[in-house]
Amino acid sequence: MKITMWGTRGSLADAGPQTVRYGGNTACVEVRGRDGSILVLDAGTGIRRLGGSLGTGWKRVDILLTHLHMDHIQGLGFFGPLYQAGAEVHIWGPPSPTEDLRSRLGRYMSPPLFPVLIRDLPCELTIHDAPRGSFRIGELEIAADLVCHPGPTVGFRIDEGGTSICYLPDHEPALGVHDFPQEPDWTSGYDLAVGCQLLIHDAQYSEEEYSAYQGWGHSSIEQAVAFATLAGVQKMVTFHHDPSHDDAALDQLVEGVRRNVQLPFSLIAGTEGAAFEIGE
Amino acid sequence: MAQKSVELILLRQWASYLTTPIFVAGPDGGLVYYNEAAEELLGRKFDDAGEMPLRDLTRIFEITDELGGALSPEDIPMGVALTEHRPAHRRLRFRALDGPWRIVDVTSFPIEGHDEQHLGAVAIFWETQTE
């Protein structure tokens, strides 16, 4: 699999000289399978450039939404393939007990918030409630499960021939665990992340900041590292950077953890434009 | 050990903050948690008791109806919530492990997730009398 980060910022896009190294676009990650399958994890503002990079020759693209907060869907209306007649686009997202995904996305993709209605998009669009459990897209095996974050929110694990990545961009695993990180069976997201080669995980806050935002559905970088250690991952990429954290603040967060914690895995600061290859 | 569903994880967190005695059972009917208020009622800490099947619970605590008649696990409110997937309420009598018989009102409801996933049940207790 090849993984490319098109947006690593959380909550709100923040473009400017202060975020030029880590990037200011919100959540969007591209995953390419060996068979050419193209997955797009979340449709934050980073998806616009991803759409422009696809070029021609692809047959199908699948967008997997973890949840419908604005920083994860705001770029959807600017994703080029949606406007290509005949392009096969699938959108998967968390189920809700009251409305299907199409209706909920329609609240954003309709006036007065957006001028183009979903039904007017010229592509061949299919919208799915992501099943809790496993489903296949090409040769990629996807597992989705609800995780600790306000509102229906799923995380994804993607497996391809023995290699796996886990995507938990908005996640507060310390919530609900009495002795975090000691109880894997009581830890949200554990089954999705366990033993994966690459974990992309929420690390929005410093430990000091987290105390003011407990229950908001995000993690401190220390909690993210503790979760990754519990799950036995090989690499962790920090994600969902707080919009108030400039490049220097993000350097400091990651360096602080590297200095103070004996890490059993490789810790990588999530940077827009970074790419990773895992597996053969 | 498999990870609990996020619904159970958050229910346990919620129950741990309350002063009302609460039991939480998982999808297979096993008791997976009771809170500190329930520990006082039962006379045993959850850490000492650990997770247990509902059948063991009715045996250990000698649960009967309020007149002392025998009850099977399926007759108690949590048994109804787990097997019939509906709320249930009943007055029960049981012997706490610290000695006394207690009479409690119990309300239980099933935890139903998306796609008709049955995730367990919650029981809430009100003590009405200690003998």
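I took contact to mean heavy atoms within 4.5 Å. The model is predicted, so I kept local features to pLDDT of at least 70 and side-chain atom pairs to pLDDT 80 or more, while totals for chains, interfaces and linings use all residues. Residues are numbered from 1 along each chain as its sequence is written, chains are lettered from A in the order in which they are written, and side-chain values use heavy atoms, leaving out hydrogens and water.

**Entry 1: two helices in chain A**

I started with helix α6 (residues 221-231) and helix α7 (residues 247-260) of chain A, and found them packed at about 50° with axes 10 Å apart. Helices here are DSSP runs of H or I with at least four residues, strands are E runs of at least two, and both are numbered from the N terminus. Axes are lines fitted to C-alpha atoms, for helices over the stretch in contact, with angles from 0 to 180 degrees between N-to-C directions. The angle makes α6(A) oblique to α7(A); under 35 degrees would be roughly parallel, over 145 roughly antiparallel, 65 to 115 roughly perpendicular, and the rest is oblique.

Which residues meet? From α6(A) I noted A:Ile221, A:Glu222 and A:Val225, and from α7(A) A:Leu253, A:Val254 and A:Val257. They divide into 5 nonpolar, no polar and 1 charged. For this, Ala, Val, Leu, Ile, Met, Phe, Trp, Tyr, Cys and Pro count as nonpolar, Asp, Glu, Lys and Arg as charged, and the others, Gly among them, as polar.

**Entry 2: chain B against chain A**

Next I looked at the interface, where 20 residues of chain B touch 20 residues of chain A. The two chains bury about 1,800 Å² between them, 55% of it on carbon and sulfur atoms; this is accessible area (1.4 Å probe) lost on being put together, summed over both. On the chain B side, B:Gln3, B:Arg12 and B:His114 lose the most area to chain A, together 41% of what that side buries.

**Entry 3: A:Arg132**

I found 3 salt bridges across the interface, a salt bridge being a side-chain nitrogen of Lys or Arg within 4 Å of a carboxyl oxygen of Asp or Glu. B:Glu7 pairs with A:Arg132, the closest N and O atoms being 2.9 Å apart. A:Asp145 also forms a salt bridge with A:Arg132, at 2.8 Å. That pair links A:Asp145 in strand β8 to A:Arg132 in the loop between β6 and β7 of chain A, 13 residues apart.

**Entry 4: backbone**

I noted a cis peptide bond joining A:Phe180 and A:Pro181, with omega about 0°.
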